[in-house]
Amino acid sequence: MNTGTSSPALLLLAIMILPYQATAAGAGGLHPLVLVPGAGGNQLEARLTAGYQPSSLICSFYPVLKQKGGWFRLWFDPTVLLSTFTRCFSERMMLHYDKESDDFRNTPGVETRVCNFGSTESLLCLDPSLKGITAYMAPLVNTLEEMGYVDGETLFGAPYDFRYGLAAEGHPCRVGSKYLSDLKALIEKASTDNDRKPVIILSHSLGGLFVLQLLTRSSPSWARQFVKHFIALSAPWAGAVDEMLTFASGNTLGVPLVDPLLVRGEQRSAESNLWLLPNPKLFGRRPLVVTPNANYSAFEIEEFLDGIGYPEGVYPYRTRIKPLVEEIDTVEPPPVPITCVIGTGVDTAEVLVFENGFGDDRRPDVVYGDGDGTVNLESLLALETLWSNQSVKVIRVSGISHTSVLTDETSIREIVGEISSVNSYALSEK
């Protein structure tokens, strides 16, 4: 994977946008742009305190080399490929729901932090020592910089602790709510520092759900003042069947050699993963998981969680997540133009068939349908379906997967074209 602008295709793309760059600069510059990554799309750091109780002797001193203050990279760390260290990683990534406080928290003795909020630095790649193979937004950011965007001036990153999510009204959500507050402040600052131009927000995957919640929870006047356009890439508006596979069998997220069962526990514990389970309002009552004794639709998520041996997920899903996702067809659309860039025509899990039930931990047979390889097509198109009268534009890129939308030259051309169009339209209004 080439993350620079040295490839012929990206050089050609840069040449194509140079005339626009000169026009925009000469007419007062670009609208500031805020990037919001998806789950796993930015670096996380951790440190261990006296309350940490490791599951093994190795976990008590690993990693040996740490930064000042005891901080070390938690995500992404390539040593997760080794099963011994996978267990250490899993227990440190684990979240725990506390029924008394009605909120999620880290494993005791594990502190975590997000790196470089406001900058794109921690979004470019997941491990700076392995930039080539852990690149995330680097190809897109490089192209935006060719367009004239400058990190920290007109281009901003909004990384977050993607293990946490949001909850329905009336439920505390310390980490997720703080992120929305920080994101809102970043948008306001980006606008203020750029002659009060409203901001273009560009999200990927889970990041789109956070942005949409920010917009719908803010006043229409705030949105009109500070947000020019919202561009969502591969957004799972109504969740995904693939998330049920994660809960049942674990998901390596494409990382080779990792045993999915070793990371299944921490993946089940993530509040954001509960948020990404299929939404009953969109997926309806058709079976998504089939077993010899029971079938599960999006209306039977609680029964599914209990059936796979994760009953502790039932209560937070029922009380915090289900009321949140079921608002999807009642919430008022924000007064902001929305563009969805999605991949289509990629085999995507549609039905999971566990011939022997859940007990033997065998991975299911998968019946595939349309989507981007991770998110089903009906979820990708949910806003267009629900808000037919709202300004929702959908750009479909055939054969592009959930993550390659950030690296493929065709999809990058579409994304840059949309950003250029927003800036050009703004200039024509003057």
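Phe76 is placed in the loop between strand 3 and helix 3, where helices (H or I, at least four residues) and strands (E, at least two) are DSSP runs numbered from the N terminus. The peptide bond that joins Trp75 to Phe76 is cis, with omega at about 0°. A cis peptide bond also joins Tyr62 and Pro63, with omega at about -5°, and Pro63 is in the loop between helix 2 and strand 3 (72–75). Most peptide bonds are trans, and most residues other than glycine have a negative phi.

The structure is a predicted model, in which local features need pLDDT of at least 70 and side-chain atom pairs count only at pLDDT 80 or more, while totals for chains, interfaces and linings use all residues. Residues are numbered from 1 along each chain as its sequence is written, and side-chain values use heavy atoms, with hydrogens and water left out.

Asp195 has a phi near 55°, a positive value in a residue other than glycine, and lies in the loop between helix 6 and strand 8 (199–204). Ser234, likewise not a glycine, has a positive phi of about 55° and is found in the loop between strand 9 and helix 9 (242–249). Their surroundings are described by relative accessible area (buried means under 20%, exposed over 50%, partly exposed in between; 1.4 Å probe, protein chains only). Asp195 is exposed, with a relative accessible area of 68%, whereas Ser234 counts as buried at 0%.

The protein has 17 helices and 15 strands. Its radius of gyration (taken over C-alpha atoms) is compared with a globule rule of 2.2 Å times the number of residues to the power 0.38. The radius of gyration is 21 Å, close to the 22 Å that this rule gives for 430 residues, so the protein is as compact as a globular protein of that length. The C-alpha trace spans about 65 × 50 × 45 Å along its principal axes. Of the 430 residues, 56% count as buried. With contact meaning heavy atoms within 4.5 Å, residues 24 or more positions apart account for 77% of the contacts with a separation of 6 or more.

Ile231 gives an example of such an interior position. The residue is in strand 9 (residues 227–233) and is buried, with a relative accessible area of 0%. Leaving aside neighbours within four places in sequence, Ile231 is in contact with residues including Leu202, Thr339, Val341 and Ile419. The C-alpha atoms of Ile231 and Leu202 are separated by 4.8 Å, although the two are 29 residues apart along the chain.

Two packed helices are described by the angle between their axes and the distance between the axes. Here axes are lines fitted to C-alpha atoms, for helices over the stretch in contact, and angles run from 0 to 180 degrees between N-to-C directions. Angles under 35 degrees count as roughly parallel, over 145 as roughly antiparallel, 65 to 115 as roughly perpendicular and the rest as oblique. The axes of helix 3 and helix 10 (residues 260–269) lie 8 Å apart at an angle of about 5°, and the two helices are therefore roughly parallel to each other. In this contact, Ser83, Thr86, Arg87, Phe89, Ser90 and Met93 of helix 3 meet Leu262, Val263 and Glu266 of helix 10. By class, the residues are four nonpolar, three polar and two charged (Ala, Val, Leu, Ile, Met, Phe, Trp, Tyr, Cys and Pro count as nonpolar, Asp, Glu, Lys and Arg as charged, and the others, Gly among them, as polar). Arg87 counts as partly exposed at 44% relative accessibility.

The axes of helix 6 (residues 174–192) and helix 7 (206–217) come within 10 Å and cross at roughly 75°. These two helices are therefore roughly perpendicular to each other. The residues of their contact divide into seven nonpolar, one polar and two charged.

One disulfide is counted, a disulfide being a pair of cysteine sulfur atoms within 2.5 Å. The bond joins Cys59 to Cys88, with an S to S distance of 2.0 Å, and is left-handed, with -90° about the S-S bond. Cys59 lies in helix 2 (residues 57–61) and Cys88 in helix 3 (residues 83–93), so the pair ties together parts that are 29 residues apart in sequence. Both cysteines are buried. Cys115, by contrast, is in no disulfide, and the nearest cysteine sulfur, that of Cys125, is 11 Å away.
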